[in-house]
Structure formats: C-alpha cells, structure tokens
Amino acid sequence: MAKRREKPPEEGSPAWMATFSDLMNLLLCFFVLLFASSNMDEEKIRRIMASFNQASFSVIEAGAVSLIEGQIVSGGVTQLPGIESILEYIGVSSEVEGNNQDLSATGSVNEDGKNDKSETDENLAENQTKEEEPQEDISEQELKKELQEQGLKQSEEMYDEISQMTESYKIDDRIVMDYNSQYVSLDLNGAVLFDPGKAEIRDDVKVFMQKIATIMSKYKDCVIEIEGHTDNVPISTSNFESNRYLSTARANKVYEYVMEQASLKDENVKIAGYGESRPVASNETEEGRAKNRRVSIKIYNRLNSDVQQ
C-alpha cells in the first residue's frame, strides 16, 4: 500500500505573526505620539537612562532607589520617589485609575540628591511662620493671661487653706495675709518677734513660730521666701551696720528656727533682707513704722514654684 504523501508546508510567515506585527506597529505609533506631544528635558532623560544602567531600578541619578524600596500598587504602577515628575513629562496624570494613593506624596529628587518637595514644604512652612507671627504674639498674650488666671486660682486656694489653719491655731490675729497670682504672703510683726535693734527670736513667741513652721511644712515642695524689713530709722551698732544688715539677720534667724521645727526642703527656701527699701506703710507715723518692721514669708503656688525651680 502506497504511503500518504505529506502536505508541504505553506509558504510565508504564520498567520498569527501578521496580527502580532500589527499590534507592535500600533504600540510604536502610540509611543511615538506620546513622545511627540511631550516636553523634552535632556537632563531628565539622562537621569532616567542612568537609572536603567544600574543593577537596581530607579528614577534618580545612578539608580539610588531600588524597586524593593517602592510600593507596588494596583494598575501596575510603582510608587517610587520622583515618579510623579516622570509621569508629568510623558503627559500621564499622576492619579492612576484604580490607585487611591497620590503619587505627589513621594516628591521629586533634584541633581544634588535632595528632595524637591521637602525643600518646597520647608519654604512654605517658613513663609507661613512669618505670616503668622502676629497671631503667635496674640497667642502668647493669651497664654500668659491663662497662666496668670491659673496662678491666681491656686493662690486663692492656698490662702483659704492657710486662713483655716491660722484660725484653728488661733494665731490669725497676729498675721497679716495677702495673695496674688504668684504667692501667698504672711507678714509677721517684727516688734512681736524681736526686741528693738536685735535679731534673736524672743522666747515668748517661739510657740507661735512653731505653728508658723507647721503651716510652712505643708508647702515644703513649693518655693518659700523669707524676707526681712525695717523702718527708715537709721541704725548703727556693733552688730549691724545698717537696717539692711539687721533685716537680713532677722530673716536668717527665722529661717534657722523654722528649719529646726519643720521638715522643709532647703533648696526651696530663699532668704533676703531689704531694710527700709520696701515699706508697706508711711514711715512718717509710729504706726506706719511698726507695720514696716516685719518679716514676710511668701509661699509660692505650685505653678510659679515650678517656674523658679
């Protein structure tokens, strides 16, 4: 039986190659059209070509950023730093359909390897700061006002607490109290505490001073100032050259006594002697001079204590 003769192959290329060739031609025309409608930037093209010459895929000079550092998002778009500028140059919108991420967030990179977006943001922030300077001044004033109100509230609460304690100790008639946004002051009559021209605390008022020390110990975490004051009558003795020396010695004696009686923190206690420089009454009368001879204990509220510490 004769063998069946095989059919000779058809001449020419396979049919599928014609379709493939048409597709390639269409793609070529499409990219030529995109290229023709875009703005050429030789420097940008040079950096793109340089990135392909490296081992890693990148959109900056010398391929500094690899594909691993990018984030693959839907639609086949690789979100790499600087890709927005590339898309703009080829005429494609930075917002790709199906990709909810804004490519502009990545910024672009200049020739020096610096981020253009970061520099722009810094410039905008700097300009915004200059524009908002008057508003910051207003805010600072409002802040100072708020701090003053808070300090006044704390001092008022301290004043009420100390008043209750002085009443319970039955010494309220021997203390002149006042307060402001920084502290509560307790004025002790110098004539009661000391003999004229002397700085030793009298024995008959030591019980009174023990009660004062107990009150002070409640506020040991606060800054406490002990100030000595005198009238304007000049003094010159072997112990004290002037009223300022006398006032300082009296403040120091009060400090030493209250430290023995109460567990105060030495770093929070300050001592000062002002002599006749800060009168609270006129020195023209005996009554006024008696008021000026005093020891003032200023207990700062917690807000202002934190500022001074």
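Analyst: The model is a predicted one, and a search of the whole structure finds three aromatic pairs. One of them joins Y159 and Y179 in a tilted arrangement, with 5.0 Å from centre to centre and 45° between the planes. Y159 belongs to helix 5 and Y179 to strand 3 (residues 175-179), so this contact ties together parts that are 20 residues apart in sequence. Y159 counts as partly exposed, because its relative accessibility is 24%. Y179 is likewise partly exposed, with a relative accessible area of 30%.

Helix 5, which spans residues 133-168, also holds D160. Together with E156, E157 and E161, D160 forms a negative surface patch. The relative accessibility of D160 is 40%, so this residue counts as partly exposed.

A nonpolar patch on the surface is made up of W16, M17, F20, L23, M24, L27, F30 and F31, which together have about 810 Å² of accessible area. W16 is placed in helix 1 (residues 15-37). With a relative accessible area of 56%, W16 passes the 50% cut-off and is therefore exposed.

The salt bridges come next. The structure holds 12 of them. In one, K265 meets D221, and the closest N and O atoms are 2.7 Å apart. This pair links distant parts of the chain, 44 residues apart: K265 sits in the loop between helix 8 (243-261) and strand 6 (269-273), while D221 sits in the loop between helix 7 (206-217) and strand 5 (224-229). Both partners count as partly exposed, K265 having a relative accessible area of 34% and D221 a relative accessibility of 35%.

A further salt bridge joins R293 to D231, with the closest N and O atoms 2.5 Å apart. R293 lies in the loop between helix 9 (286-292) and strand 7 (294-300), and D231 in the loop between strand 5 and helix 8, so the bridge ties together parts that are 62 residues apart in sequence. D231 has a relative accessible area of 7% and is therefore buried.

R293 also forms a salt bridge with E286, at 3.4 Å from N to O. E286 counts as partly exposed, because its relative accessibility is 47%. These residues belong to a network of salt bridges that links D231, E286, R289 and R293.

Terms used. Residues numbered from 1 in each chain as written. Predicted model: local features only at pLDDT ≥ 70, side-chain atom pairs only at ≥ 80, totals over all residues. Heavy atoms only, no water. Patch = residues over 30% accessible without salt bridge, like charges linked within 9 Å, V, L, I, M, F, W, Y side chains within 5 Å. Areas by Shrake-Rupley, 256 points an atom, 1.4 Å probe, with all protein chains shown as cover. Salt bridge = Lys/Arg side-chain N within 4 Å of Asp/Glu carboxyl O. Lys, Arg positive; Asp, Glu negative; His and termini not counted. Charge placed at Lys NZ, Arg CZ, Asp CG, Glu CD. Helix = DSSP H or I, 4+ residues; strand = E, 2+ residues; numbered from the N terminus. Buried < 20%, exposed > 50% of the residue type's maximum accessible area, 1.4 Å probe, protein only. Phe/Tyr/Trp six-rings, centres within 6.5 Å; stacked < 30°, edge-to-face > 60°.
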